Amino acid sequence: MENDAIIEVRDLTVGYDRRAVLEKINFTVKKGEIFCILGGSGCGKSTLLKHMIGLLPPFSGDVRLFGESMVYADDAARHRLMRRFGVTYQGGALFGSMTLLENVELPLAEYTGLSRAERRKVAAEKLAQVDLAGFEDYMPAEISGGMRKRAGLARALALDPEMLFFDEPSAGLDPITAAELDRLILKLRDQSGATIVVVTHDLDSVFAIADRIIMLSKQDKKIVAEGSPCDLRENADMLWVRNFLTRDGLSRR
Amino acid sequence: MDRIGGEIRKILRQWMQLVEFFGQLGLDIRTDLRHPGRHRWRETLYYIDLCGRRSLGIVVLICGLMGFILALQGGLLIREYGGELFVADLVGFSLLKELGPLMVGMIATGRAGSAFAAEIGTMKVNEEVSALTTMGISPVRFLVVPKLLAMLIVLPLLAVAGDMAGLLGGLLIGVTYLDLPVSAYWGRTLQVLSPQVLTLGVLKCFVFAALITLIGCWRGFQADPDAQGVGRAATGAVVSSILLLVVADLFITLFYASIGC
Ligand SMILES: Nc1ncnc2c1ncn2[C@@H]1O[C@H](COP(=O)(O)OP(=O)(O)OP(=O)(O)O)[C@@H](O)[C@H]1O
Ligand SMILES: [Mg+2]
């Protein structure tokens, strides 16, 4: 099982200004898995994600992607790793001075030898993939929040990454768009075998896409549950976990 | 005690980050020099336009008025003793060596320095800076280097324009209020002002350009990630730029004096 682990988080302690948010976290994600990180608000999900993608240095512990350490890598090695995964940010994080097409083109221009015409073609394909065909020449300020998110996804997909990280992809999306995004995530995994890590609050989405989840607890600063979502909903030891996954027992009518 | 420790650690960390910032800047400038095709020329042109063309009017106006005021003040004083022509010396020297570059620096601080801090601060809030990092693109190369190049090109040119406007402002007072013939005033100006004087002043602008850009960008990167944080970063950039501009001016002037210029 250790062999096909493509993400390994080992004894990771993270936080801000000496105040630990999560302590001694351990988990692995397998290749081709859709892995969701859940937990109450402020428990450190985004913080954990930022450390996994190398944006922040941890207090201690290690994050290994593709078998290489993100934490101890030198800058060149870390950049090499970063080119192999894509990240989509909560608000899309598009560059405001560039059109959608130019945003998606940017990683292609930086890392491929493609000609301008080829780059534009690939970028347009990626935008079409997230249902944004026809919006190539719009500026980020001229489209809605959900569209920005999808454009951010298109940009993350530009280099055909082997691994994708999402921070709250469905927050602020209407149910249909959110479902489409989930379908897209499943499609990406099925077509390209990409490994996908999602931070989310959206239980519908979790049950629709997640192979495995972890739940973080703010009080304990650690992982309190790990497994498939359906299994945890029925059989988790902690009442809190079962409540979380059933929306405190208040299920759909 | 713990609070003090925390504060000290924070300050130390900021200094560490500043050192890293300069290190990264050095690397990124080298990259762009080696691969000029990868430099972000479009952004550079945008900032040349923003800091240059759009500041030209106000630079000309302020420096013109500066020359005007200097001539007026100088004229009031000198008139009592005769020798009105020396007003040309006063205006020429103080503008070209000192006030022209300093005024341009101040205007650029208000225009460009604050805009740089706000822009980068906002990009930090929107996680655009994080997005650059995780795409493996150096935010410094992407965001700082184009601004720096633009400012290095623009400020010296603005200073020359401001100098000319100031000299004309002085001339205006010279020929009206002081009743000097145009040819006498202008002749005197050209006689005392060597190209060297102009160059010394313009050279200051390169230092000012680097200071304003780096302080603005640095403040932006350090901004607290919220709306107020971005506002504070912009104000902070202006205040520290003005202070450092004057301090840098002092040291440059001391240096010039020590080499006898
Ligand atoms: N930049 C920061 N500086 C200091 N503390 C921070 C910072 N960002 C987050 N925190 C703290 O870290 C903790 C975890 O924050 P984080 O954003 O990771 O939570 P989260 O699980 O993503 O919450 P949410 O579901 O609301 O997005 C919070 O208690 C927060 O106060
Ligand atoms: Mg979060």
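Colleague: Is Cys43(A) buried or exposed?

Modeller: Buried. Cys43(A) has a relative accessible area of 1%. Keep in mind that this is a predicted model.

Colleague: And how far is the closest cysteine sulfur from the sulfur of Cys43(A)?

Modeller: 13 Å, and that sulfur belongs to Cys36(A). That is too far for a bond, because a disulfide needs the two sulfur atoms within 2.5 Å.

Colleague: What about Cys51(B)?

Modeller: Cys51(B) is in no disulfide either. The nearest cysteine sulfur is that of Cys217(B), 10 Å away. Cys51(B) is buried, at 5% relative accessible area.

Colleague: How many disulfides over all chains, then?

Modeller: The search of the whole structure finds 0.

Colleague: OK, switching to charges. How many salt bridges over all chains?

Modeller: The count comes to 27. One of them pairs Glu226(A) with Arg212(A), at 2.8 Å from N to O.

Colleague: Which strands do those two lie in?

Modeller: Glu226(A) is in β10 (residues 222–227) and Arg212(A) is in β9 (residues 212–217), both of chain A. So the pair ties together parts that are 14 residues apart in sequence. Glu226(A) is partly exposed at 39%, whereas Arg212(A) is buried at 13%.

Colleague: Which salt bridges can you show me in chain B?

Modeller: Take Arg40(B) and Glu43(B), at 3.4 Å. Arg40(B) is buried at 15% relative accessible area, and Glu43(B) is buried at 11%. Arg232(B) and Asp224(B) also pair up, at 2.9 Å. Here Arg232(B) is partly exposed at 46%, and Asp224(B) is partly exposed at 39%.

Colleague: Which residues do salt bridges with shared partners join into one network?

Modeller: Glu105(A), Arg116(A), Arg119(A) and Arg120(A).

Colleague: Now the interface. How much area do chain A and chain B bury between them?

Modeller: About 1,800 Å², with 54% of it on carbon and sulfur atoms. Within chain A, the residues that lose the most area to chain B are Tyr89(A), Phe95(A) and Glu110(A). Together they make up 29% of what that side buries. The contact takes 25 residues from chain A and 20 from chain B.

Colleague: How many salt bridges across it?

Modeller: The rule finds 4. Asp17(A) and Arg13(B) form a salt bridge at 3.3 Å. There are also 8 residue pairs in polar contact across the interface.

Colleague: Which element gives the largest share of chain A's side?

Modeller: α3(A), with 5 residues. By class, the side of chain A that touches chain B has 13 nonpolar, 5 polar and 7 charged residues.

Notes:
Residues numbered from 1 in each chain as written. Chains lettered and ligands numbered in written order. Predicted model: local features only at pLDDT ≥ 70, side-chain atom pairs only at ≥ 80, totals over all residues. Heavy atoms only, no water. Contact = heavy atoms within 4.5 Å. Buried area = accessible area lost by both parts, 1.4 Å probe. Salt bridge = Lys/Arg side-chain N within 4 Å of Asp/Glu carboxyl O. Polar contact = N/O pair within 3.5 Å; in protein donor to acceptor, adjacent residues only side chain to side chain. Helix = DSSP H or I, 4+ residues; strand = E, 2+ residues; numbered from the N terminus. Nonpolar A, V, L, I, M, F, W, Y, C, P; charged D, E, K, R; others polar. Buried < 20%, exposed > 50% of the residue type's maximum accessible area, 1.4 Å probe, protein only.
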